[in-house]
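Subject: Structure for you to look at

Hello,

Please find the structure below. Have a look at it before reading the notes under it.

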Amino acid sequence: MFFFALIVKPLVLFILGLNKRGQNNLPVKGPAIIAANHNSHLDTLVLMSLFPIAKIHKIRPVAAADYFLRSGFMKWFSTYCIDIIPLDRKNRVNKKALFAECHKALDNGDILILFPEGSRGTPEQMSQLKKGVFHLVKDRDDTQVTPVVLRGLGRALPKGTALFVPFNCDVVIGQPVPAQEKADDFIKLLASRYDNLFQYCVTHQEPEQ
Amino acid sequence: MFNIPQNSLYTMLLVLLFLCIGTITRLVLKAKFPQKDYTELRQRIQSWWWMVAILFFALVFSKTTAIILFALISYLALKEFLSIVPSRPADRRVIFWAYIIIPFQYYWAATSWYGMFIIFIPVYVFLFLPMRMVLVGETKGFIRSAGVLHWAIMLTVFCLSHIAYLLVLEDKNPQAGPIGLVLFLVIMTQLNDVSQYIWGKLFGKHKIIPKVSPNKTWEGFLGGLVTITILSGLVAPILTPLGFAYGLLAGLIISSSGFIGDVVISSVKRDLQIKDSGSLIPGHGGILDRMDSMMFTAPLFFHFLYYVKY
């Protein structure tokens, strides 16, 4: 909590600078899921900073256990400063066990942050969306998925670099995606929502390589 | 308390009075027409209060805080500019250097090292950044990146830093002090935006540059030009070392260059197909939307003043 009040909020406000759109669409209480595109480690911090300090403990990013619980500092930081829900990416067989922690958090009224792309990938380019989000909300009628697009963070701190360069970033929050019968329909709908939200971005997209 | 020269003090109080009138007018409008939505007007006036409060506080507190404030404004403007224009992943390191030069440029101003202040960016930075880009080694899109980067630094750092240098010039009007020069430039530039807008709204017919900015008319431009020229002739002897005649000329320079700054940034945004450059200042857009005219008026007013008085 202090970490967010003293470090993350000022950092996001001044060093980065956000162009926020659709703040009203942000869920105020859980259970809810935020599904955002993923370009940078900063994504999680920016998304969490959208919420008031008093609510930070209810915001739980879902993150890969094999990456974030790997070493000493990273494990301590992810667990105590961010309070992630670790996800075992290698265990693809047993969906129930995979999402057990997530369901527990949702039952507890938490707001989950998910990145359906699965990984940060190439900076500022969308990767194929994974179906995990669909399976997570399939049997829950109390939980809605709010799509959020972020742009510019892949310029500020892309994958594989340690040099942070200040850039303004866009955060566009959309309306919740209605529930679907089939996973493919849900993914298609989510992808089209992302495309739509990208139109409201101000910052410039990185040119195709 | 802070020993503000008399004329500058009265000018600041007058600005605060105008803001009060603005706020009262809005509240009256809201009471008279409760069904209309005045959100944008409210945001605009509230943002004016914040901007004026921050500027006045920094100016009154000390020369150093004012210079730091202008450096921060340069930083935010540069960041906003580099965020809306295209850049290559290979440029990140060079852009990092672009941020590093801001404290240097304002340090030259704070220590009134005029020679360094005036050549640092146009010569040293101009030659250094492409060298740094060569070391990165990406040649595709090289000339465009180098051009964009230097253009951004010239406008948001070099041009804006002239406001800071006004504060360290020798004080030739003790009634107003160094603050008077900054107040004069800032107030005339902002009033020019406002009066061009009002004249255009009232009498605007003949468009100047419909392709860039469809709302800009000859009537608005000329009305603003006459208003600001006369006003500046009257105000310059109070806030600056300039007399009435030079004051008129200063007003002419501020009004015409303010217009150009406005439409140049409009062209940039039109090229990138965006309406506002950011959302830092509620009701106004980004910091570039507010500082667009200042980037042109600051160096031109400074060098006019420097030529005739120093």
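This is a predicted model: local features need pLDDT of at least 70, side-chain atom pairs count only at pLDDT 80 or more; totals for chains, interfaces and linings use all residues.

Residues are numbered from 1 along each chain as its sequence is written, chains are lettered from A and ligands numbered from 1 in the order in which they are written, and side-chain values use heavy atoms, with hydrogens and water left out.

The interface. Chain B gives 23 residues to the contact and chain A gives 24 (contact means heavy atoms within 4.5 Å). About 2000 Å² is buried between the two chains, with 56% from carbon and sulfur atoms (buried area is the accessible area, with a 1.4 Å probe, that two parts lose on being put together, summed over both). B:Lys79, B:Ser83 and B:Arg92 supply 31% of the area that chain B buries against chain A, more than any other three residues.

The strand. Seven of the eight residues of strand E6 (residues 144-151) of chain A are buried, so E6(A) is largely enclosed by the rest of the structure (buried means under 20% relative accessible area, 1.4 Å probe, protein chains only; strands are DSSP runs of E, at least two residues, numbered from the N terminus). Strand E2 (residues 32-36) of chain A pairs with E6(A) in the parallel sense over five bridges (pairing needs at least two DSSP bridges). E6(A) also runs antiparallel to strand E7 (residues 169-173) of chain A, joined by four bridges. There, A:Val149 stands opposite A:Val172.

Regards

Terms used
Buried means under 20% relative accessible area, exposed over 50%, partly exposed in between (1.4 Å probe, protein chains only).
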